[in-house]
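Good morning, and thank you for coming. Please take a moment to look at the sequence and the structure before we discuss them.

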Amino acid sequence: MVNTGEKTVVIRNLVKKFGDFTAVDNISFDVSKGEIFGFLGANGAGKTTAMRILCCLSHPTSGEGTVAGLDILTEQEKIKKRIGYMSQKFSLYPDLKVWENIELFGGIYGLTDKQIAQKTESMLKALSMENTRDMFVRDMPLGWKQKLAFSIAMVHDPQIVFLDEPTGGVDPVTRRNFWELIYEAASKGVTVFVTTHYMDEAEYCDRVSVMVDGRIEALGSPAELKKQYNASDMDGVFTKIAGRAERE
Amino acid sequence: MWKYLLKKEFKQFLRDPGTPGMTLMFPFLIILVFPFASNMEIRNIKLVMVDNDCSEQSALMMEKCASSGYFEVKDIVNSPSEAQKMMDDGRIDAILTINAGFAKYIEGDVPATDALPVGIKVNTVNGTRGSIGSQYLNACVSSYVMSAKGMSGGTAGQSPQIDVTETYRYNEFLDYKEFMIPALIVIAITMMCGFLPALNIVSEKERGTIEQMNVTPVSKAAFIICKMVPYVVVAYFMVFSCMLLSWLAFGYGCAGSLLDVCIFTLAHIVVMASFGLLVSNYSENAQQAMFVIWFFSMAFMLVAGIFTPLESMPQWAKIVAYANPLTYYADAMRGIFLKGSTLADTWKDLVCLVGIGGTTTLWAILSYHKTN
């Protein structure tokens with residue numbers, strides 16, 4: 001469902017400095033509607049920082065861009081209504097039950113009680129988690145938590161969803177399930193922006209970018225990149241590109 | 001949006017393993033335990049007497065001191081050095097030495113201009129205890145000497161009498177508990193509303209949930225106000241349960257209007273809760289927030305005229321006290337509880353409290369960034 005005519009993320013010359021340290025060094029890229037855009041890079045390459053700027057959690061030092069057609073410098077609160085975000089750190093409320101978390105985030109995004117009730121039903125059904133309705137989120141296994149967190153990030157039908165290492169520490173079967181959820185979202189026209197360290201997941205993306213030392217070193221579809229770097233799989237591509245890193 | 005945020009805060013508050021229990025326990029501690037512990041009446045002064053006179057008069061005076069209720073007579077010894085040794089060891093607080101010639105003095109066998117052959121030595125490591133102890137001891141001795149001289153036909157009756165009547169207002173029985181209870185309520189509100197909101201926000205930071213909030217369209221004001229509301233409820237619960245308990249346990253009522261109590265309490269909650277939020281905005285983890293709030297709470301409590309009168313502090317300490325919200329809240333609460341002060345008397349306190357609260361609230365909201 002990639003619609004290359006319609007850009008949902010447009011970033012130009014984005015820079016983020018923390019003192020002398022340049023975490024994001026002049027990056028530019030576009031993401032199309034319904035695209036699954038993978039963001040690869042070694043630890044500390046600047047992936048999370050870049051993503052936090054796109055989610056309006058962080059101000060860029062310089063550069064410009066739009067997310068969902070809105071300016072990331074001036075229309076941050078409007079952008080927040082149109083995006084979903086799932087952070088690296090698990091961030092649902094552990095002392096609230098499953099349905100209470102859904103209700104809270106649904107309510108925050110302005111859903112009515114009726115809409116929330118419908119969402120809760122359909123979401124739990126889609127996740128086959130009807131029995132966990134009254135479970136405290138802290139008591140759930142990690143894989144379930146991550147799937148729930150993803151669904152809650154999508155509770156308000158955002159145009160773009162940002163996923164920061166959503167499958168870290170999750171078993172292979174659950175990871176597969178998770179990617180099925182991602183595909184389903186993309187097929188409905190949601191743009192998915194995802195960072196990952198798993199190279200098999202990189203293969204599932206429509207396009208991937210590889211960040212090294214804050215810069216985008218490579219950008220293209222997995223097939224293009226493999227050809228360009230003469231590698232049999234994404235693992236080989238990543239090793240060749242990330243090996244150029246100079247900073248720790 | 002507000003409804004859902006409030007629901008979340010109340011659920012989280014009630015599900016916390018510690019706070020609801022603490023909220024219920026606190027009023028009992030404040031009313032039934034702390035007033036006795038923070039009592040500054042001096043009792044049980046450990047006394048040793050040295051009797052060098054060994055007369056009927058000296059025995060009677062020792063009896064008088066022992067029965068006054070303020071002293072605990074540890075021993076009666078014969079040598080001053082023995083008594084001194086006991087004081088050096090820290091076993092006693094005061095020594096009463098009755099020298100030879102005491103009986104003769106009482107019976108008027110020596111000129112009235114001679115010094116009374118009685119010595120008092122007090123351990124003043126704890127200055128208050130020492131000076132008050134020596135006053136009690138002095139009072140005992142002089143009242144005995146007066147009455148004994150009077151009985152043995154001294155000159156007491158001939159001197160002109162000045163009759164002084166004292167009237168104690170507002171707390172007629174000089175009951176220290178009644179004075180301390182409003183202040184202890186003040187301390188409880190301060191602790192509750194300073195620590196808990198700060199720790200609450202910092203724990204959201206530590207768990208990363210605050211990030212999930214920051215990425216939603218929730219407004220800063222909505223988020224912060226919804227955090228404060230449960231603590232407003234808790235603080236009112238504490239104030240009124242304390243008042244009810246102190247009425248049931250000691251029969252103390254509030255002389256002023258409950259509305260005034262409510263107004264001042266609200267002002268103080270806003271001050272402390274916004275201060276707590278302010279600290280949490282600048283803290284990355286719970287230890288840091290705890291330590292900063294603890295530091296300020298100590299300073300607030302000690303420099304507020306709660307335990308020691310403001311008037312006797314040096315100038316610089318007074319300046320610190322004037323910047324301290326507890327000074328105004330404690331002053332107003334004592335006034336309302338004991339004297340029945342109204343807003344007409346306490347408006348200055350309210351203005352200062354609202355001024356401090358306005359500043360900290362504004363600062364807290366400005367320093368909370370959804371995007372940084």
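A word on conventions. This is a predicted model, in which local features need pLDDT of at least 70 and side-chain atom pairs count only at pLDDT 80 or more, while totals for chains, interfaces and linings use all residues. Residues are numbered from 1 along each chain as its sequence is written, and chains are lettered from A and ligands numbered from 1 in the order in which they are written.

Let us begin with chain A, which has nine helices and ten strands; helices (H or I, at least four residues) and strands (E, at least two) are DSSP runs, numbered from the N terminus. Its C-alpha trace spans about 50 × 40 × 35 Å along the principal axes. For 248 residues, a compact globule would have a radius of gyration near 18 Å, and the 18 Å of chain A agrees with that. Here the radius of gyration is taken over C-alpha atoms, and the globule rule is 2.2 Å times the number of residues to the power 0.38.

How many of the residues of helix α1 of chain A are buried? The count is eight of eight, in a helix covering residues 47–54. A residue is called buried if 20 or more other C-beta atoms, placed from the backbone, lie within 10 Å of its own. Among the buried residues of α1(A) are A:Lys47, A:Arg52 and A:Leu54. After α1(A) comes A:Cys56, with a positive phi near 65 degrees.

I turn now to the sheet of chain A. It is an open sheet of six strands, in the order β6-β7-β8-β3-β9-β10, with mixed pairing; two strands pair if DSSP finds at least two bridges between them. Strands β6 (83–86) and β10 (215–220) of chain A each have a single partner strand, so one side of each is left without a neighbour in the sheet. Within this sheet, β7 (residues 160–164) and β8 (residues 191–195) of chain A are parallel and share five bridges. In that pair, A:Asp164 stands opposite A:Thr195.

Helix α5(A) lies across β6 and β7 of chain A and runs at about 160 degrees to β6(A). Axes are lines fitted to C-alpha atoms, for helices over the stretch in contact, and angles run from 0 to 180 degrees between N-to-C directions.

Helix α5 (residues 142–153) of chain A also packs with helix α6 (residues 172–187) of chain A, at an angle of about 5 degrees and with the axes 10 Å apart. That makes the two helices roughly parallel, a term for angles under 35 degrees. Residues of α5(A) including A:Phe150 meet residues of α6(A) including A:Phe178; contact means that C-beta atoms, placed from the backbone, lie within 7 Å.

Strand β3 (residues 94–98) of chain B runs antiparallel to β4(B), and five bridges join them. One of the bridge partners is B:Ile120 in β4(B), which pairs with B:Leu96.

Finally, where do the chains meet? In the contact, 18 residues of chain B touch 23 residues of chain A. On the chain B side, the largest share, six residues, comes from α1(B).

Note on methods: Contact = placed C-beta atoms within 7 Å. Buried ≥ 20, exposed ≤ 12 C-beta atoms within 10 Å, placed from the backbone. Parallel < 35°, antiparallel > 145°, perpendicular 65-115°, else oblique.
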